[in-house]
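Okay, thanks for coming, everyone.

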Amino acid sequence: MSVPRSVALERTLYTLAAPVLAAAPNLAPDSPVNTVITLAGAAGVGGWVLARRSEVPGAGRKILRWAPLVLAAAIDVTAKHTPGWGPWCMDALLAAGWAAAGWAVLPLSRHTRRHHRPALAAPAPAPHPQPAPEPSAAQPEDGADHFTRQVRQLWETRGMPGRTVVVKATPHEGMPHDLSLLLRAAEAGRPITGLREEDIAAAFEVDATDVHIAEVPRQPGRSGGPGWKEVHVTPDLAERRRKAPTAHEWWADRIGAAGGPVPGSEFVQEVRDHARKVTHYIAQVPDEMGEARVNQHALAAALKTKYDEGRLFVTIDGSQVLVSLWDSSPLAQVFPATRELLTPDKDGRWVTGYLGNGQPARNRVYTDRGAAHGLFVAPSGGGKTQLMGLHVAADALFGAVVMLATEAPDEKTAALGRHTARYGVGPLYMLRLLRVLVALMEIRGEMLWEDGQVHEWDPARPGCPYRMLSAYLDEFLSAARDGLYGAEIMDLAELVSVKGRKYGVGIKVAGQSVYVQDGFTQLLCENLRENCIPVVLKVAPKKVGDMFKALGIPSEYIPDPLPRSFSAEEAGRIERVMRGEPEPPANSNTGGAGWIIEGKQPDVLRTLFMDFKAGIDGYFPDTIATLTEYEIRELEARDLWFDWTVPPRPGEFGDEPEDEDGDDAPKKGGGKPRNGSKSAARRDAVTSPRQALEAIKHLSNI
């Protein structure tokens, strides 16, 4: 048997080195040979340490290869410390044993590399050729790449889910476990019907939510249809999407998903307004879905806020959606009124307050159909007088004649009255004011303009002989339910709401309700709604739906009730409960907050704040506008222009006896018959449910 060359060289090395190893420390202890042997042994010890700490397999072979150097150094050190050659020539015996062990073990030549062994003398048997695998439906010979073949093998091993075969597999760059599959039915001409996400997820050992199946449209050069499917397996993408999603992914998963706050919406842009401290999210729904549907409570939860905090506002413009998330509720802010904001522009518009999205909320003193009416609805303490003061100032700054009648006096209303042409209290005063409005419609209908013609009032047409007149009726429903004057007040208010706009006469009705059952007629409500921009403040939650239905708002646009407070809840409630401490008082800062209804959908707003305590003179012009001398003369001729605060005058309400000729026709103008036949006819002629209800109220003196 021949000996490999490496084995022969290693044995020769041991044979020559053994005499040197025994003689060098005894004949020349200070020889450089001993130093070299010691350094070699130290290197061997270092190799042992590294081999022990290494995590790579093969540490034992490395230790065995370094063993000759370490043992040689140990023998050299031992020989230097024994007297002479040692007892029984121990130095020579150790060196001879070292050489014999090396001859037998051959640590260098036989353990150099793993899987490397010295060739044997006998020739290796010739390998038997393996038969080539026959192509199958799952493994066709179509020249597919290595990755596709591997996936095909796995797919076949997993039982070919859905009776499909892999046409092509594409790995996703940067995602070691993500891939896309193009599948077709195993049987040509058959649709794929039994393929489920769970089956694919089980085949690749991922979650079913990480698997998505898509249809394959027909393309040039490739078939498609129900016999083909495209599968995306994306566990790495899903993991990254859960931990660090992009803005588009976050919106799609949390908001735009089916059943989400804005289903079907797609993220477009995020804009941060640092100056106003608000973040805007712009999204869009496909055109085929129509107008976006928004669940504001779920949207607030997705944006990590609460709807009651008043920080979230949504603006819908067809298929586009604007979501505004404020750092703090804009409705909790106070927006001071200024003369500049209250002054109407060339179109008659002025700023009433600010919407929840930060836009100015504007009202108007006139419309394209004539003088504007007004409708203010708010409970006690809701900011109705503040709102009415803003409108009075805007009308006065426009140059209109302003008159104010209220059912009951209060401090703020009296302060407003000092800036009006006429101000009074009580149902009688309100009735006299309405009679004047009706008479003025007749008077103005006969006044000639500069061109010598009679025209309907138009602020853009030059040569108008009179000023716009705006009459405010505060606590209107209370006055309209008055037993003596209520019926006529309602009738005249209806008449002015229908025809007043053409003569520059507008009425602004303020109250706590617009319900028909509360005495507010449907005709009056509809006329006011069509010729004004109503403002509704701080309605009780249970009345919101009915209130907006009465104003003609479709059910899908009826807003949610406003919260009781726009301030964030103070943290630490659990700690206060544990310590037995009381809760901090709630900050009821919703006065002046409500809705403005310019279109079909109410918008949340906060009205401007008019500081009555500091004085309101700065909001009004220096001169109070009044009626023309001609109008006053005509009213005096009709016995309608006098001190309206005096008690009923003789004959004003039918106190005088009928004339002998039975002529009970009213005087020229809008005055009522002096014998009260109108009120009597109203009570006697009951032809509708509304009249029946009013008759009952009058009989009961409600």
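Let me start with a term: buried means under 20% relative accessible area, exposed means over 50%, and partly exposed is in between, using a 1.4 Å probe and protein chains only. Now, what you see is a predicted model, where local features need pLDDT of at least 70, side-chain atom pairs count only at pLDDT 80 or more, and totals for chains, interfaces and linings use all residues. Residues are numbered from 1 along each chain as its sequence is written, and side-chain values use heavy atoms, with hydrogens and water left out.

So, two glutamates. E475 is buried, because its relative accessible area is 19%. Its phi is positive, about 55°, although E475 is not a glycine. You'll find E475 in the loop between β16 (469-474) and α14 (476-480); helices here are DSSP runs of H or I, at least four residues, strands are runs of E, at least two, and both are numbered from the N terminus.

E205 also has a positive phi, near 60°, and is not a glycine either. E205 sits in the loop between α6 (197-204) and β3 (211-215). Buried or exposed, for E205? Exposed, because its relative accessibility is 65%.

On to the inside. A nonpolar core is a set of buried Ala, Val, Leu, Ile, Met, Phe, Trp, Tyr and Cys residues joined through side-chain atoms within 4.5 Å. The largest one has 111 residues, and L342, F476 and F520 touch the most other members. Helix α13 (residues 427-444) gives the most to this core, 13 residues. There's a second, separate core of 18 residues, with V262 and Y281 among them.
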